[in-house]
Amino acid sequence: MCANRQVPLLFEDIAADPMNAEYTSRGWEPVYSASARSRIILVGQAPGRIAQETRIPWNDVSGRLLRTWLSVSDDEFYNPELFALMPMDFYYPGKGKHGDLPPRKDFAPRWHPRLRAMMPHAQLTILVGAYAQKYYLDGVSAPRLRSNLTETVAHAEDYLPGFVPLVHPSPLNIGWRKRNPWFEAENIPDLRERVRKILGA
């Protein structure tokens, strides 16, 4: 795994925020990557346990599939001048009854606008999963968020050129991908083309 250890934007402010004191007391650092030169912003849910322990976003099987979907190398993905990796919460939320707990609702509204304002070169925001899509598309974009994730992803072209909604690449969603073969046959090639144009610019 190759990760850029450059200190991301606002790192000290986020780590010192009282809202994150519980995590700081455990010795945890916020897990994200962002640079003033980032070209693509990728918004996911929250770091998993492995990502929190290694301090590397998307450092798991889901991340490997995501990089395959994007058709980018580890070096490209973890280069903050290319990708800002900004989950809805920058700390592992813990384990629930059916997988990881959801990200805190008040984290993204506090930090995402400030970070995005510091990335003037960003041309595309990729929204991975329902939490990211609800925050960024519900009531903000036109047209609005669709009735469910499948419909939102199926109508991905409606949110261009600013946003691309994706299903989460978790192994738990293998069944969804089998039931919706159009996603990898149509959406993924289009996404790869857009990403390559931006990175090649």
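**Exercise 1: partners in the sheet**

Task: find which residue of strand 6 stands opposite Val-128.

Solution. Val-128 stands opposite Leu-166 in strand 6, where strands (E, at least two residues) and helices (H or I, at least four residues) are DSSP runs numbered from the N terminus. The model is predicted, so that local features need pLDDT of at least 70 and side-chain atom pairs count only at pLDDT 80 or more, while totals for chains, interfaces and linings use all residues. Residues are numbered from 1 along each chain as its sequence is written, and side-chain values use heavy atoms, with hydrogens and water left out.

A further bridge links Thr-125 to Phe-163 in strand 6, and strand 5 and strand 6 (residues 163-166) pair in the parallel sense over 4 bridges, pairing being assigned if DSSP finds at least two bridges between two strands. Strand 1 (residues 40-43) also pairs with strand 5 in the parallel sense over 4 bridges, and there Val-43 has Leu-127 as its bridge partner.

**Exercise 2: order and edges**

Task: state in what order the 4 strands of the open sheet are arranged.

Solution. The order is 2-1-5-6, with parallel pairing. Strand 2 (83-85) and strand 6 stand at the edges with a single partner strand each, and therefore one side of each is left without a neighbour in the sheet.

**Exercise 3: the setting of strand 5**

Task: decide whether the residues of strand 5 (residues 124-128) are buried or exposed.

Solution. Buried means under 20% relative accessible area, exposed over 50%, and partly exposed in between (1.4 Å probe, protein chains only). By this criterion 5 of the 5 residues are buried, so strand 5 is largely enclosed by the rest of the structure. In a regular strand the side chains alternate between the two faces of the sheet. Here Leu-124, Ile-126 and Val-128 are buried on one side, and Thr-125 and Leu-127 are buried on the other.
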